[in-house]
Amino acid sequence: TTHSRIVCTIRQGARVHGALWLTSSREGAFCAAHQKLMDNVVDLLGLAFEHDAIVDREKLRRERIDSLRGLLQTMAGALDIRHVFDKVSEVVRGGLPHDILAITSWGGDGTSFRVYAMAGATGEPEFFEPQPLSGDDLAQLHRDAYVIHDVDAEVSSTSLRGKIFRRLGVRSALRVLMPLGTEVFGSLFFLARQTDRFSEEDVDFARRVADHLALALSH
């Protein structure tokens, strides 16, 4: 039975990692000196977490640079990006893990789209036909990137987007714009079959991938 305890929050800037606990079965087991000691310990733990985060960020940065280099090599000489799209997905996965990678193209009328290329899943021929959009689905044809952490909670099952995601078993998604010069070709989707696979920190890398793919499309 616990009769006394000390709890100190472990922080890294504004981020809270958790807490460090000391408990005792004796009442009044801890004093102000123990609290001060604990404060020093959690400061050291915060520095350790920060060091690990720096190492992880540098490792991820190198992996993403390598992925972009590999992406350029994969697309070099390809007459149609769709012919090497499975390889594209495999290379990019080293910088941003995903289960499905997809490019959609927007219709010239601004009210439709179609799946242009997809790796990691298959669909019937009609799956790649132009799809008319309305309501919330039409509102998604905008230039802003977005992250869906939980498809079931954030995307209506009655929407076209929701139906496609559920058909593919998608639980989380990251979408960025596919530019084509000053115009827009469509969207690049990173899709995963588990929730919370992507974060806002992944958007910059996803945009770099989209820029590389757009360059290949323009050629």
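Begin by selecting Arg5, which in this predicted model sits in strand β1, spanning residues 4–12. Then select Arg26, which is 21 residues from Arg5 along the chain. The C-alpha atoms of Arg5 and Arg26 are separated by 9.4 Å.

Proceed to Asp80, found in the loop between α1 (32–75) and α2 (85–92). Is Asp80 buried or exposed? Asp80 has a relative accessible area of 17%, and it counts as buried because that value is under 20%. Display its side chain, which reaches the backbone nitrogen of Arg82 at 2.9 Å.

The next stop is the largest nonpolar core, a group of 30 residues. Within this core, Leu188, Phe190 and Leu213 have the most contacts. To see where the core is drawn from, colour α1, α2, β3 (100–106), β4 (112–119), β7 (172–180), β8 (183–192) and α6 (203–218), each of which supplies at least two of its residues. The largest share, six residues, is contributed by α6. In soluble globular proteins, nonpolar side chains tend to be buried together.

Now centre the view on Leu188. Setting aside residues up to four places away in sequence, Leu188 touches Leu101, Ala102, Ile103, Leu174, Arg175, Val176, Met178, Ala206, Val209, Ala210 and Leu213.

Finally, select Ile100, Met118, Val151 and Ile164, which are among the 21 residues of another core, lying apart from the largest one.

Notes: Residues numbered from 1 in each chain as written. Predicted model: local features only at pLDDT ≥ 70, side-chain atom pairs only at ≥ 80, totals over all residues. Heavy atoms only, no water. Helix = DSSP H or I, 4+ residues; strand = E, 2+ residues; numbered from the N terminus. Buried < 20%, exposed > 50% of the residue type's maximum accessible area, 1.4 Å probe, protein only. Polar contact = N/O pair within 3.5 Å; in protein donor to acceptor, adjacent residues only side chain to side chain. Core = buried A, V, L, I, M, F, W, Y, C linked by side-chain atoms within 4.5 Å. Contact = heavy atoms within 4.5 Å.
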